Amino acid sequence: MTDDHPAVALSEAVADRLARPDAVPEPLTAQPWWRQSLAHGALGITLLHIERAAAGLAPWQRAHDWLTYAADAPFTAGAGSHMFHGAPALAHVLSCAATARPGSYEKALESLDKVITADARRRACSAQARITAGRLPALAEFDVIRGLSGVGSYLLRRDPDGEVVRAVLEYLVRLTEPLKVNDETLPGWWTSSNPSGRYSDRFAGGHGNCGMAHGIGGPLALLALAAQRGVTVPGHRDAIDRICAWLDQWRTDTGTGPLWPYWVNRSQLRTGHHTSGGPQRPAWCYGAIGLARAQQLAALATGDADRRHLAENALVQALTDPANLNAVTDASLCHGHVGIAHIVTVAATDATPQAAARLCALVPALLDTVQPPGTDPEHTAAALCDGGGGPAFLEGAAGIALAALAPSTHAPPRSGWDTCLLIA
(Lines give C-alpha, C1' and ligand atoms only; values in the text may rest on other atoms or scores of the structure.)
Protein backbone atom coordinates (compact mmCIF):
# COMPACT_ATOMS: atom_id res chain seq x y z
CA MET A 1 0.00 0.00 0.00
CA THR A 2 1.75 3.17 -1.17
CA ASP A 3 -1.08 5.69 -1.56
CA ASP A 4 -3.05 7.27 1.23
CA HIS A 5 -6.05 5.23 2.30
CA PRO A 6 -9.58 6.70 1.89
CA ALA A 7 -9.70 6.94 5.68
CA VAL A 8 -7.65 10.17 5.28
CA ALA A 9 -10.71 11.69 3.63
CA LEU A 10 -12.83 10.42 6.53
CA SER A 11 -10.53 12.18 8.99
CA GLU A 12 -10.95 15.39 7.02
CA ALA A 13 -14.71 15.00 6.85
CA VAL A 14 -14.98 14.49 10.62
CA ALA A 15 -12.72 17.48 11.27
CA ASP A 16 -14.85 19.64 8.96
CA ARG A 17 -18.03 18.63 10.76
CA LEU A 18 -16.35 19.54 14.07
CA ALA A 19 -14.60 22.65 12.77
CA ARG A 20 -16.08 24.98 15.40
CA PRO A 21 -17.28 24.48 18.97
CA ASP A 22 -20.75 25.72 17.99
CA ALA A 23 -21.03 22.84 15.53
CA VAL A 24 -21.54 20.42 18.44
CA PRO A 25 -25.13 20.05 19.70
CA GLU A 26 -25.90 22.18 22.75
CA PRO A 27 -27.27 19.35 24.91
CA LEU A 28 -23.75 17.94 24.89
CA THR A 29 -21.77 21.18 25.24
CA ALA A 30 -24.01 22.28 28.12
CA GLN A 31 -22.75 19.43 30.29
CA PRO A 32 -20.45 20.71 33.08
CA TRP A 33 -17.70 18.23 32.18
CA TRP A 34 -17.73 18.95 28.44
CA ARG A 35 -14.90 21.49 28.07
CA GLN A 36 -12.41 19.67 30.27
CA SER A 37 -12.98 16.09 29.13
CA LEU A 38 -10.43 14.42 26.88
CA ALA A 39 -12.32 11.13 26.88
CA HIS A 40 -15.73 12.45 25.86
CA GLY A 41 -15.61 16.22 25.36
CA ALA A 42 -14.01 19.25 23.79
CA LEU A 43 -10.39 18.32 24.51
CA GLY A 44 -10.56 15.21 22.34
CA ILE A 45 -11.83 17.24 19.39
CA THR A 46 -9.11 19.82 20.04
CA LEU A 47 -6.51 17.06 19.84
CA LEU A 48 -7.81 16.05 16.41
CA HIS A 49 -7.37 19.60 15.08
CA ILE A 50 -3.90 19.91 16.63
CA GLU A 51 -2.66 16.71 14.99
CA ARG A 52 -4.13 17.60 11.63
CA ALA A 53 -2.53 21.06 11.77
CA ALA A 54 0.80 19.57 12.89
CA ALA A 55 0.70 17.21 9.90
CA GLY A 56 0.02 20.10 7.52
CA LEU A 57 -3.47 18.84 6.73
CA ALA A 58 -5.42 21.79 8.15
CA PRO A 59 -4.94 25.37 9.37
CA TRP A 60 -3.77 26.05 12.93
CA GLN A 61 -6.66 28.43 13.48
CA ARG A 62 -9.09 25.60 14.11
CA ALA A 63 -6.82 24.08 16.75
CA HIS A 64 -6.31 27.48 18.37
CA ASP A 65 -10.05 28.22 18.41
CA TRP A 66 -10.81 24.92 20.09
CA LEU A 67 -7.98 25.39 22.60
CA THR A 68 -9.26 28.84 23.47
CA TYR A 69 -12.77 27.48 23.89
CA ALA A 70 -11.69 24.51 26.03
CA ALA A 71 -9.48 26.61 28.29
CA ASP A 72 -12.10 29.32 28.79
CA ALA A 73 -13.68 27.59 31.78
CA PRO A 74 -12.65 26.48 35.28
CA PHE A 75 -10.87 23.13 35.29
CA THR A 76 -10.78 20.39 37.89
CA ALA A 77 -7.52 19.82 39.76
CA GLY A 78 -6.58 17.41 42.52
CA ALA A 79 -9.21 14.81 43.39
CA GLY A 80 -11.43 14.14 40.40
CA SER A 81 -8.79 15.06 37.84
CA HIS A 82 -6.85 12.57 35.77
CA MET A 83 -5.33 12.07 32.35
CA PHE A 84 -8.73 12.14 30.67
CA HIS A 85 -10.40 14.89 32.69
CA GLY A 86 -9.39 18.20 34.22
CA ALA A 87 -5.92 19.68 34.56
CA PRO A 88 -3.88 16.71 33.26
CA ALA A 89 -6.17 16.35 30.24
CA LEU A 90 -5.90 20.03 29.34
CA ALA A 91 -2.13 19.93 29.91
CA HIS A 92 -1.74 16.91 27.62
CA VAL A 93 -3.57 18.69 24.82
CA LEU A 94 -1.55 21.88 25.32
CA SER A 95 1.70 19.91 25.35
CA CYS A 96 0.73 18.30 22.04
CA ALA A 97 0.21 21.77 20.58
CA ALA A 98 3.55 22.89 22.01
CA THR A 99 5.30 19.85 20.52
CA ALA A 100 4.09 20.83 17.09
CA ARG A 101 4.68 24.55 17.66
CA PRO A 102 7.69 24.88 19.98
CA GLY A 103 7.53 27.85 22.30
CA SER A 104 3.75 28.12 22.30
CA TYR A 105 1.53 27.88 25.39
CA GLU A 106 4.55 27.88 27.73
CA LYS A 107 2.98 30.00 30.48
CA ALA A 108 -0.19 27.94 30.61
CA LEU A 109 1.81 24.70 30.69
CA GLU A 110 4.05 25.95 33.49
CA SER A 111 1.00 26.77 35.61
CA LEU A 112 -0.62 23.43 34.91
CA ASP A 113 2.60 21.53 35.56
CA LYS A 114 2.80 22.98 39.08
CA VAL A 115 -0.73 21.83 39.82
CA ILE A 116 -0.24 18.38 38.30
CA THR A 117 3.11 17.63 39.93
CA ALA A 118 1.82 18.68 43.36
CA ASP A 119 -1.19 16.42 42.98
CA ALA A 120 0.88 13.50 41.64
CA ARG A 121 3.29 13.84 44.57
CA ARG A 122 0.39 13.78 47.01
CA ARG A 123 -1.22 10.80 45.31
CA ALA A 124 2.04 8.83 45.21
CA CYS A 125 2.64 9.49 48.92
CA SER A 126 -0.91 8.45 49.75
CA ALA A 127 -0.52 5.26 47.72
CA GLN A 128 2.74 4.40 49.46
CA ALA A 129 1.05 4.89 52.84
CA ARG A 130 -1.80 2.62 51.74
CA ILE A 131 0.67 -0.13 50.84
CA THR A 132 2.45 0.25 54.16
CA ALA A 133 -0.88 -0.13 55.93
CA GLY A 134 -1.51 -3.37 54.04
CA ARG A 135 -4.67 -2.21 52.26
CA LEU A 136 -5.68 -3.06 48.70
CA PRO A 137 -5.70 -0.31 46.04
CA ALA A 138 -8.58 1.05 44.02
CA LEU A 139 -8.20 0.82 40.25
CA ALA A 140 -8.29 4.61 40.13
CA GLU A 141 -5.08 4.72 42.16
CA PHE A 142 -2.90 3.21 39.45
CA ASP A 143 -4.68 2.78 36.11
CA VAL A 144 -4.24 4.74 32.86
CA ILE A 145 -7.66 6.35 32.75
CA ARG A 146 -7.93 7.73 36.27
CA GLY A 147 -4.73 6.78 38.05
CA LEU A 148 -1.03 7.45 38.39
CA SER A 149 -0.05 5.50 35.28
CA GLY A 150 -1.95 7.98 33.13
CA VAL A 151 -0.67 11.05 34.94
CA GLY A 152 2.79 9.49 34.99
CA SER A 153 2.82 9.32 31.20
CA TYR A 154 2.33 13.09 31.07
CA LEU A 155 5.05 13.73 33.65
CA LEU A 156 7.46 11.43 31.80
CA ARG A 157 6.95 13.47 28.68
CA ARG A 158 7.20 16.88 30.32
CA ASP A 159 9.86 16.34 32.99
CA PRO A 160 11.47 12.91 32.66
CA ASP A 161 14.24 13.73 35.12
CA GLY A 162 11.92 15.23 37.73
CA GLU A 163 11.56 13.92 41.27
CA VAL A 164 7.81 13.40 40.85
CA VAL A 165 8.35 11.03 37.93
CA ARG A 166 10.63 9.02 40.17
CA ALA A 167 8.03 9.09 42.95
CA VAL A 168 5.42 7.66 40.59
CA LEU A 169 7.79 4.96 39.32
CA GLU A 170 8.85 4.05 42.88
CA TYR A 171 5.20 3.63 43.76
CA LEU A 172 4.55 1.45 40.69
CA VAL A 173 7.53 -0.76 41.57
CA ARG A 174 6.06 -1.27 45.03
CA LEU A 175 2.59 -1.85 43.57
CA THR A 176 3.92 -4.97 41.82
CA GLU A 177 5.13 -6.54 45.07
CA PRO A 178 2.88 -9.18 46.69
CA LEU A 179 0.61 -7.93 49.45
CA LYS A 180 -0.54 -10.08 52.37
CA VAL A 181 -4.18 -9.49 53.28
CA ASN A 182 -5.92 -11.62 55.95
CA ASP A 183 -3.25 -14.33 55.71
CA GLU A 184 -3.58 -14.58 51.93
CA THR A 185 -0.90 -13.30 49.57
CA LEU A 186 -2.30 -11.29 46.67
CA PRO A 187 -0.76 -9.40 43.77
CA GLY A 188 -0.09 -5.84 44.89
CA TRP A 189 -2.53 -4.46 42.30
CA TRP A 190 -5.38 -6.72 43.40
CA THR A 191 -8.45 -4.60 44.07
CA SER A 192 -11.47 -5.38 46.24
CA SER A 193 -13.91 -3.91 43.71
CA ASN A 194 -15.31 -5.15 40.42
CA PRO A 195 -13.82 -3.91 37.11
CA SER A 196 -16.03 -0.80 37.16
CA GLY A 197 -14.57 0.20 40.52
CA ARG A 198 -17.64 -0.71 42.56
CA TYR A 199 -18.42 -3.64 44.86
CA SER A 200 -20.51 -6.50 43.48
CA ASP A 201 -21.32 -10.01 44.65
CA ARG A 202 -19.84 -11.44 41.47
CA PHE A 203 -16.45 -10.05 42.52
CA ALA A 204 -16.88 -10.56 46.24
CA GLY A 205 -13.20 -11.43 46.58
CA GLY A 206 -12.03 -8.63 44.30
CA HIS A 207 -10.09 -9.12 41.10
CA GLY A 208 -6.76 -8.68 39.36
CA ASN A 209 -7.27 -6.56 36.26
CA CYS A 210 -5.14 -7.43 33.23
CA GLY A 211 -6.21 -4.59 30.91
CA MET A 212 -4.37 -1.59 29.54
CA ALA A 213 -7.01 0.99 30.38
CA HIS A 214 -7.83 -0.13 33.91
CA GLY A 215 -5.39 -2.87 34.81
CA ILE A 216 -1.76 -3.81 35.23
CA GLY A 217 -1.00 -3.32 31.53
CA GLY A 218 -0.81 0.44 32.11
CA PRO A 219 1.86 0.28 34.84
CA LEU A 220 3.84 -2.19 32.71
CA ALA A 221 3.78 0.19 29.75
CA LEU A 222 4.82 3.20 31.83
CA LEU A 223 7.67 1.32 33.50
CA ALA A 224 8.84 0.14 30.07
CA LEU A 225 8.59 3.57 28.43
CA ALA A 226 10.50 5.14 31.30
CA ALA A 227 13.24 2.51 31.10
CA GLN A 228 13.58 3.10 27.37
CA ARG A 229 14.25 6.75 28.16
CA GLY A 230 16.86 5.81 30.76
CA VAL A 231 14.59 6.80 33.67
CA THR A 232 14.69 4.01 36.24
CA VAL A 233 14.36 3.53 39.99
CA PRO A 234 15.50 0.71 42.29
CA GLY A 235 13.60 -2.49 41.55
CA HIS A 236 12.48 -1.24 38.14
CA ARG A 237 13.49 -4.35 36.16
CA ASP A 238 12.10 -6.65 38.87
CA ALA A 239 8.74 -4.88 38.65
CA ILE A 240 8.59 -5.34 34.89
CA ASP A 241 9.50 -9.01 35.31
CA ARG A 242 6.80 -9.55 37.96
CA ILE A 243 4.07 -8.13 35.74
CA CYS A 244 5.26 -10.15 32.76
CA ALA A 245 5.34 -13.30 34.88
CA TRP A 246 1.71 -12.65 35.90
CA LEU A 247 0.69 -12.23 32.26
CA ASP A 248 2.56 -15.44 31.39
CA GLN A 249 0.78 -17.28 34.19
CA TRP A 250 -2.68 -16.34 32.92
CA ARG A 251 -2.01 -16.49 29.20
CA THR A 252 -3.92 -19.11 27.22
CA ASP A 253 -2.04 -20.30 24.15
CA THR A 254 -4.54 -21.22 21.46
CA GLY A 255 -4.13 -22.38 17.90
CA THR A 256 -4.87 -18.83 16.75
CA GLY A 257 -2.61 -16.97 19.17
CA PRO A 258 -2.32 -16.13 22.86
CA LEU A 259 -5.23 -14.76 24.86
CA TRP A 260 -5.06 -12.90 28.14
CA PRO A 261 -8.14 -12.69 30.38
CA TYR A 262 -9.62 -9.26 30.99
CA TRP A 263 -9.37 -10.02 34.71
CA VAL A 264 -8.87 -12.81 37.24
CA ASN A 265 -11.29 -13.26 40.15
CA ARG A 266 -10.56 -14.64 43.59
CA SER A 267 -11.65 -18.22 42.94
CA GLN A 268 -9.58 -18.33 39.76
CA LEU A 269 -6.59 -16.97 41.65
CA ARG A 270 -6.94 -19.72 44.26
CA THR A 271 -7.23 -22.53 41.70
CA GLY A 272 -4.69 -21.04 39.31
CA HIS A 273 -7.06 -21.74 36.42
CA HIS A 274 -8.89 -19.43 34.03
CA THR A 275 -11.04 -20.38 31.04
CA SER A 276 -10.87 -17.91 28.18
CA GLY A 277 -14.52 -18.50 27.26
CA GLY A 278 -14.16 -18.38 23.48
CA PRO A 279 -13.33 -15.56 21.07
CA GLN A 280 -12.04 -12.36 22.64
CA ARG A 281 -12.15 -8.86 21.23
CA PRO A 282 -8.59 -7.61 20.63
CA ALA A 283 -8.39 -3.95 21.61
CA TRP A 284 -6.43 -1.24 23.41
CA CYS A 285 -8.50 -1.17 26.58
CA TYR A 286 -8.64 -4.94 27.11
CA GLY A 287 -7.33 -7.87 25.14
CA ALA A 288 -4.39 -8.93 23.02
CA ILE A 289 -3.66 -5.69 21.14
CA GLY A 290 -3.02 -3.44 24.14
CA LEU A 291 -1.28 -6.10 26.20
CA ALA A 292 0.90 -7.23 23.30
CA ARG A 293 2.07 -3.65 22.74
CA ALA A 294 2.81 -3.23 26.46
CA GLN A 295 4.88 -6.43 26.40
CA GLN A 296 6.66 -5.37 23.22
CA LEU A 297 7.64 -2.15 25.01
CA ALA A 298 8.78 -4.16 28.03
CA ALA A 299 10.84 -6.45 25.81
CA LEU A 300 12.50 -3.49 24.10
CA ALA A 301 13.28 -1.93 27.48
CA THR A 302 14.82 -5.10 28.90
CA GLY A 303 16.35 -6.69 25.80
CA ASP A 304 14.08 -9.74 26.10
CA ALA A 305 14.10 -11.22 22.59
CA ASP A 306 11.72 -14.06 23.47
CA ARG A 307 9.04 -11.71 24.83
CA ARG A 308 9.44 -9.43 21.84
CA HIS A 309 8.82 -12.41 19.55
CA LEU A 310 5.79 -13.42 21.64
CA ALA A 311 4.32 -9.91 21.60
CA GLU A 312 4.81 -9.28 17.89
CA ASN A 313 3.42 -12.70 16.96
CA ALA A 314 0.44 -12.04 19.24
CA LEU A 315 -0.31 -8.85 17.30
CA VAL A 316 -0.14 -10.67 13.97
CA GLN A 317 -2.23 -13.58 15.21
CA ALA A 318 -4.87 -11.28 16.71
CA LEU A 319 -5.39 -9.76 13.27
CA THR A 320 -5.54 -13.06 11.41
CA ASP A 321 -8.05 -14.88 13.60
CA PRO A 322 -11.55 -14.33 12.16
CA ALA A 323 -13.33 -15.34 15.37
CA ASN A 324 -11.57 -12.74 17.49
CA LEU A 325 -11.80 -10.05 14.81
CA ASN A 326 -15.53 -10.69 14.49
CA ALA A 327 -15.83 -9.71 18.14
CA VAL A 328 -14.77 -6.17 17.17
CA THR A 329 -18.04 -4.42 16.43
CA ASP A 330 -17.21 -0.73 16.04
CA ALA A 331 -14.58 1.64 14.70
CA SER A 332 -13.53 3.37 17.95
CA LEU A 333 -10.08 4.20 19.24
CA CYS A 334 -10.69 2.45 22.53
CA HIS A 335 -11.91 -0.92 21.27
CA GLY A 336 -12.57 -0.70 17.54
CA HIS A 337 -11.01 -1.31 14.14
CA VAL A 338 -9.28 2.06 13.73
CA GLY A 339 -7.82 1.96 17.24
CA ILE A 340 -6.37 -1.46 16.48
CA ALA A 341 -4.96 -0.17 13.18
CA HIS A 342 -3.23 2.72 14.93
CA ILE A 343 -1.66 0.60 17.66
CA VAL A 344 -0.49 -2.00 15.16
CA THR A 345 1.05 0.75 13.01
CA VAL A 346 2.92 2.14 16.03
CA ALA A 347 4.05 -1.34 17.07
CA ALA A 348 5.29 -2.06 13.55
CA THR A 349 7.78 0.81 13.80
CA ASP A 350 9.44 -1.05 16.68
CA ALA A 351 9.04 -4.57 15.33
CA THR A 352 11.55 -6.84 13.66
CA PRO A 353 11.49 -6.40 9.87
CA GLN A 354 9.57 -9.61 9.25
CA ALA A 355 6.91 -8.85 11.87
CA ALA A 356 6.67 -5.23 10.73
CA ALA A 357 5.96 -6.29 7.14
CA ARG A 358 3.24 -8.69 8.25
CA LEU A 359 1.63 -6.10 10.51
CA CYS A 360 1.64 -3.35 7.90
CA ALA A 361 0.07 -5.70 5.36
CA LEU A 362 -2.87 -6.30 7.72
CA VAL A 363 -3.70 -2.65 8.40
CA PRO A 364 -5.59 -1.72 5.19
CA ALA A 365 -8.28 -4.33 5.86
CA LEU A 366 -8.93 -2.75 9.26
CA LEU A 367 -9.32 0.68 7.68
CA ASP A 368 -11.57 -0.75 4.97
CA THR A 369 -14.10 -1.80 7.59
CA VAL A 370 -14.56 1.86 8.53
CA GLN A 371 -14.13 3.62 5.18
CA PRO A 372 -14.41 1.15 2.32
CA PRO A 373 -12.82 2.36 -0.93
CA GLY A 374 -15.36 4.00 -3.20
CA THR A 375 -17.73 5.04 -0.41
CA ASP A 376 -18.61 8.58 0.68
CA PRO A 377 -16.51 9.82 3.64
CA GLU A 378 -19.02 12.61 4.31
CA HIS A 379 -21.73 10.02 4.88
CA THR A 380 -19.47 8.00 7.19
CA ALA A 381 -18.44 11.12 9.12
CA ALA A 382 -22.07 12.12 9.65
CA ALA A 383 -22.94 8.66 10.91
CA LEU A 384 -19.98 8.66 13.32
CA CYS A 385 -20.57 12.17 14.69
CA ASP A 386 -24.27 11.55 15.18
CA GLY A 387 -23.90 7.97 16.40
CA GLY A 388 -23.70 6.50 19.87
CA GLY A 389 -20.12 7.61 20.48
CA GLY A 390 -20.80 11.14 19.26
CA PRO A 391 -17.77 13.35 18.68
CA ALA A 392 -15.80 11.76 21.55
CA PHE A 393 -12.12 10.80 21.65
CA LEU A 394 -12.13 7.34 23.22
CA GLU A 395 -15.33 5.96 21.71
CA GLY A 396 -16.44 8.45 19.06
CA ALA A 397 -15.69 10.34 15.88
CA ALA A 398 -12.74 12.49 17.02
CA GLY A 399 -10.76 9.47 18.17
CA ILE A 400 -11.57 7.55 15.01
CA ALA A 401 -10.45 10.47 12.83
CA LEU A 402 -7.22 10.78 14.83
CA ALA A 403 -6.43 7.07 14.91
CA ALA A 404 -6.99 6.79 11.16
CA LEU A 405 -4.23 9.26 10.26
CA ALA A 406 -0.99 7.38 10.92
CA PRO A 407 -2.14 4.06 9.38
CA SER A 408 -3.58 5.90 6.36
CA THR A 409 -0.72 8.30 5.64
CA HIS A 410 2.22 6.09 6.73
CA ALA A 411 3.52 8.95 8.91
CA PRO A 412 3.83 8.84 12.73
CA PRO A 413 1.86 11.30 14.88
CA ARG A 414 3.47 14.74 14.81
CA SER A 415 2.03 15.97 18.12
CA GLY A 416 2.48 12.90 20.30
CA TRP A 417 -1.27 12.74 20.90
CA ASP A 418 -1.21 8.98 21.55
CA THR A 419 1.19 9.16 24.51
CA CYS A 420 -1.89 9.38 26.74
CA LEU A 421 -2.62 5.76 25.79
CA LEU A 422 0.88 4.63 26.88
CA ILE A 423 1.53 2.97 23.55
CA ALA A 424 4.35 5.39 22.62
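1. Searching the whole structure turns up 3 cavities of 30 Å³ or more. A cavity is a set of points, on a 1 Å grid over the protein atoms alone, where a 1.4 Å probe fits but cannot get out; points are joined across faces, edges and corners, and a volume is the space filled by probe spheres set on them.

2. A word on the source: this is a predicted model, with local features needing pLDDT of at least 70 and side-chain atom pairs counting only at pLDDT 80 or more, while totals for chains, interfaces and linings use all residues. Residues are numbered from 1 along each chain as its sequence is written, and side-chain values use heavy atoms, leaving out hydrogens and water.

3. The largest cavity holds about 40 Å³ of space. Its lining (residues with an atom within 4 Å of a point) includes T256, P282 and N324. By class, 6 lining residues are nonpolar, 4 are polar and none is charged.

4. Now for the largest nonpolar core, which has 139 residues. Such a core joins buried Ala, Val, Leu, Ile, Met, Phe, Trp, Tyr and Cys residues through side-chain atoms within 4.5 Å; buried means under 20% relative accessible area, exposed over 50%, and partly exposed in between (1.4 Å probe, protein chains only). F84, W246, W284 and F393 have the most contacts inside this core.

5. N182 is not a glycine, yet has a positive phi of about 50 degrees. With 72% relative accessibility, N182 is exposed.

6. H410, also not a glycine, has a positive phi near 60 degrees. H410 is partly exposed, at 41% relative accessibility.

Note on methods
On a 1 Å grid over the protein atoms alone, a cavity is a set of points where a 1.4 Å probe fits but cannot get out, and a pocket is an open set with protein on both sides within 12 Å along at least five of seven lines; lining residues have an atom within 4 Å of a point. Ala, Val, Leu, Ile, Met, Phe, Trp, Tyr, Cys and Pro count as nonpolar, Asp, Glu, Lys and Arg as charged, and the others, Gly among them, as polar.
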